[in-house]
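Please consult the sequence and structure below while reading.

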Amino acid sequence: MSDPDDVLEALASLPSFHHPTATEDGDRVAFYYDESGRNELHVLDVESGEHRQVSHGEVPRNARWGVEWSADGDRVFFHVDEDGNEQNDVHAIGVDGPTAGETEPVVEMNGQVSLADVGDDGDTLLLGSTRDGQMNLYRHDLATDETEKITDYERAAVGGVLSPDCERIAYATNESDDFDNMDAYVAEADGSNPRNLEIGETGAESAPADWGPDGERLLVSDNTEDVGRCGVYHVANDNVTWYGDLDAEESPVGFLPDGERFLALRTHEAAIMPLVYDCETGEARELDLPEGVATFPGEAVLDDDRVLVSHTTPDRRPELLAYDLATDEHETLLDAEYGGFDPGSFADAEYFTFESDGAAESGPATAWTDDNETLEIGALLYDSGERPSPPSDHRSDEDRSASHGSPLIVNPHGGPRAADYRLFDLYTQFLVRRGYSVLKVNYRGSTGHGRAFVRELYDDWGGGEQADIAKAVRLVSEYDWIDDDRIGVFGGSYGGYSAYCQMTLYADLYDAGIAWIGLTDLADMYENTMPHFRTELMEKNLGTPEESPDLYDERSPVNYVDEVSAPLLMVHGVNDRRVPVSQARIFRDALDDHGYAEGEDGDYEYVELGEEGHASSDIDQKIRFFHVLDDFLDRRLGGGDEGTAD
């Protein structure tokens, strides 16, 4: 498998599972799987470990949106959109008997529709939808096929959860004057009598995660104390019991059937590990798994003491486990697939921290980054294994690039309210295989470090976080095995925004850049993104263009297009509703207006991906993008050598 195209396609074609979720009695697990070459719905028998394909092209090619079992376990609900545009409807597919494989529409409305919860009564679906503009909650009655809008807030209503008897709902929204705030609410099933639980302080964020089996308690999250914490809210007396020592970010997942324990996740140093809390004693126990990213997916409970866990590390692909909480033993329900690759050949990640003052050393950003706070920033480095050749080693011209050491690809994460973790990332491993070392930076604004760290990015897009990335690049470029003449930046979504920022505000650091589905003009983004992204991302982080016109103008990379000094590749899906394709077109047109030449031998290259929205998990679409990415880097950075990572 030495041919680059063979390696590229083999990596992209490794089967992946998505959104596993168990039935109420825990005997079966539904999940998306693409071992056929296309995303399809599969059902796994927990006892035998065997799984079978249920769909045959009826489900979306892109597995972004999850699946849910019907209450009786006869059907699985899934989301359908048009070529990745995320304007979903909800359909159902039969799993067993004569209706197996048959699909039917369940809820069809304009805008984005997302299934929030399935009621235990067999008749109720709780939905989120942008049908009327803002994201609000809707209730669908399966028996009558009627859909009723049950909340009507100016800010997005999210996280809807049905009580066990389906007579109440819990959700989160914000009615306060503090735009950063988020509160947990309880209301009747028809949305009447909504009550703010007033869990945390105003300006903090609280939300429900699950109802207790008795319907009298809510598992909730809150970040009043900076880092996220888990709590059990007693609905009858309005008391909250808090858990954890606040040493690390923790988030609740769900109650176990006995109602005496609950599942949670703890984040620390780019790792996510699962916990079990005892409600009475407050004691927490971490599951006995190798450090990496282990999460409870979908409906995770199999029985009183067994739960589903998805586990991965930087160099091990995800596996689906059945974990026994009583014995701390687990069995593998779905093995990771490696095809013709040696599982031991993938690159592990080195986690390190450094101090950053969030200030640009030169360029346009010096005007607005000189008063940022010095913070400890975490990062992950993947070593390709490429090393400079000794001076006595006379190589041919074709091998000259390899003799200079490893090129470096800086890969900022999206979000921005997200982070890079110690998990297997296909794009990272692809780049390492092609001879590039990869740097990921959890800049200020990333999750996992508390509320104050997240808010460092508010009103400062393109500021301190971009300086953090640049500082990490300068540190790593000093390693004697890094070729500092071959440094590129590649990011998607907010990572694409970072790529545009790095190529304009820190142009001296880079020899090439790839901006994928990235933001370039913040005012245009505000006008054309989906309503809940407009309020919960743009307004919450930056205010409106009317309130903050100078900020929107100053932090838009398109206004610094004349700073671009290295080859730039722009890639965007034409059906993207989160970051509309207008963002890439605006930057392209600005390049043209400033005299930059397009083409493989020009200053920039531009690719629009049809039948695709905000990225895709589809194998064919991944292969297409990998070819575009690989070809550009090979020509522009002189890479393309098979890596030797250990």
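A salt bridge is a side-chain nitrogen of Lys or Arg within 4 Å of a carboxyl oxygen of Asp or Glu. In this predicted model, Asp-132 and Arg-131 form such a pair, with their closest N and O atoms 3.0 Å apart. Asp-132 is partly exposed at 45% relative accessible area, and Arg-131 is partly exposed at 35%.

**Further salt bridges**

- The whole structure contains 45 salt bridges.
- Glu-86 pairs with Arg-64, the closest N and O atoms lying 3.8 Å apart. Glu-86 belongs to the loop between strands E6 and E7 and Arg-64 to the loop between E4 and E5, so the contact ties together parts 22 residues apart in sequence.
- Glu-86 is buried, with a relative accessible area of 1%, whereas Arg-64 is partly exposed at 28%.
- Arg-474 forms a salt bridge with Glu-361 at 3.5 Å between the closest N and O atoms. Because Arg-474 lies in helix H5 and Glu-361 in the loop between E29 and E30, this pair ties together parts 113 residues apart in sequence.
- Arg-474 is buried at 16% relative accessible area, while Glu-361 is exposed at 58%.
- A network of salt bridges links Asp-27, Arg-28, Arg-52 and Asp-96.

**Sheet and packed helices**

- Strands E31 and E32 pair in the parallel sense over three bridges, and Val-410 stands opposite Leu-439 in E32.

Technical notes
Residues numbered from 1 in each chain as written. Predicted model: local features only at pLDDT ≥ 70, side-chain atom pairs only at ≥ 80, totals over all residues. Heavy atoms only, no water. Pairing = 2+ DSSP bridges. Helix = DSSP H or I, 4+ residues; strand = E, 2+ residues; numbered from the N terminus. Buried < 20%, exposed > 50% of the residue type's maximum accessible area, 1.4 Å probe, protein only.
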